[in-house]
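Please work through each task before reading its solution.

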Amino acid sequence: MSDKMFTLYTNGGTWAVRVHILCRELGIEFEEVRIDLNAPRPEWYLKINPLGKVPTITFGNEIMRESGVIVQYLSDLYPSHLVKKSDEEGGPLQRAKYKFFVDLYIEHIYPLTVKSYMAEAGEGKKAVAEKIIAAIQKWFEPLLVDANPFYGASSRITLAEVSLGGLVSRLLGLPAKEILYPGLPQMLQEQTPNFWRWSSAVFEHPSVSEFWDADWFAEIVRRKGPQKKAEAAAAAAN
């Protein structure tokens with residue numbers, strides 16, 4: 001197998017960052033092709049991914065889409081500390097717990113993060129922040145009692161953190177840009193100590209922080225904000 005065993009089509013952000021985090025953590029080299037999501041997708045890329053989304057990887061004659069599928073494939077291809085193999089003792093249970101944890105975040109925290117992008121500054125964003133705190137208290141504080149500092153009492157980053165690193169970076173990094181409520185980090189620290197300890201460790205981990213650019217992401221949100229608000233208003237009117 002060559003050092004660069006696949007090509008990654010990415011824009012360096014959004015869900016594609018999962019693949020970047022995993023490859024950085026495991027030292028996997030790949031060929032990178034940047035796709036501009038602000039422009040019409042070129043025909044050659046639509047032949048690879050008809051939806052025009054990223055990430056996609058290609059290797060040999062194979063094409064693989066969707067970030068969750070890709071990181072699971074790569075973590076199986078390169079066994080490591082990230083996750084136990086499925087045939088290893090405790091592996092099936094650990095993998096199930098990681099998936100549950102990731103799905104829980106995407107179901108309960110991520111939508112509120114996005115909602116905060118469109119909320120009015122001040123009390124509007126604060127109200128969403130309070131909902132984020134309530135969801136974390138209900139779903140995540142109990143699951144992170146034994147975080148060390150990573151999920152499942154792990155002292156090293158796991159596949160759960162690889163999968164959520166980009167989303168956690170938004171939660172902790174965007175308050176400083178006033179995309180989320182500026183007081184959210186303090187609220188997390190005071191009201192959700194287990195989550196704060198875990199999320200801070202994720203946010204500061206080199207394999208995650210290398211791919212976080214707050215200015216770049218804040219600009220994307222500000223540029224798309226009016227369009228998203230118009231779409232939400234149109235949906236509510238129908």
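**Exercise 1.** Locate D215 and classify its accessibility.

*Solution.* D215 lies in helix α11, residues 214-237; helices are DSSP runs of H or I with at least four residues, strands are E runs of at least two, and both are numbered from the N terminus. The model is predicted: local features need pLDDT of at least 70, side-chain atom pairs count only at pLDDT 80 or more, and totals for chains, interfaces and linings use all residues. Residues are numbered from 1 along each chain as its sequence is written, and side-chain values use heavy atoms, without hydrogens and water. Buried means under 20% relative accessible area, exposed over 50%, and partly exposed in between (1.4 Å probe, protein chains only). D215 has 49% relative accessibility, and therefore counts as partly exposed. Its C-alpha atom is separated by 20 Å from that of G122, 93 residues apart along the chain.

**Exercise 2.** Describe the surroundings of S75.

*Solution.* S75 belongs to helix α3. Its relative accessible area is 3%, so S75 is buried. The side chain of S75 reaches the backbone oxygen of Q72 at 2.9 Å. Beyond neighbours within four places in sequence, S75 is in contact (heavy atoms within 4.5 Å) with L22, V83 and L159.

**Exercise 3.** Compare the span of helix α4 with its expected value, and identify what covers its buried residues.

*Solution.* Helix α4 (residues 91-108) has 18 residues. The expected span is 1.5 Å times one less than the number of residues. From first C-alpha to last, α4 reaches 26 Å, close to the 26 Å expected. Its buried residues include Y98, F101 and L104. Among the elements covering the buried residues of α4 are α1 (17-26), α3 (67-77) and α9 (193-204).

Key
Polar contact = N/O pair within 3.5 Å; in protein donor to acceptor, adjacent residues only side chain to side chain.
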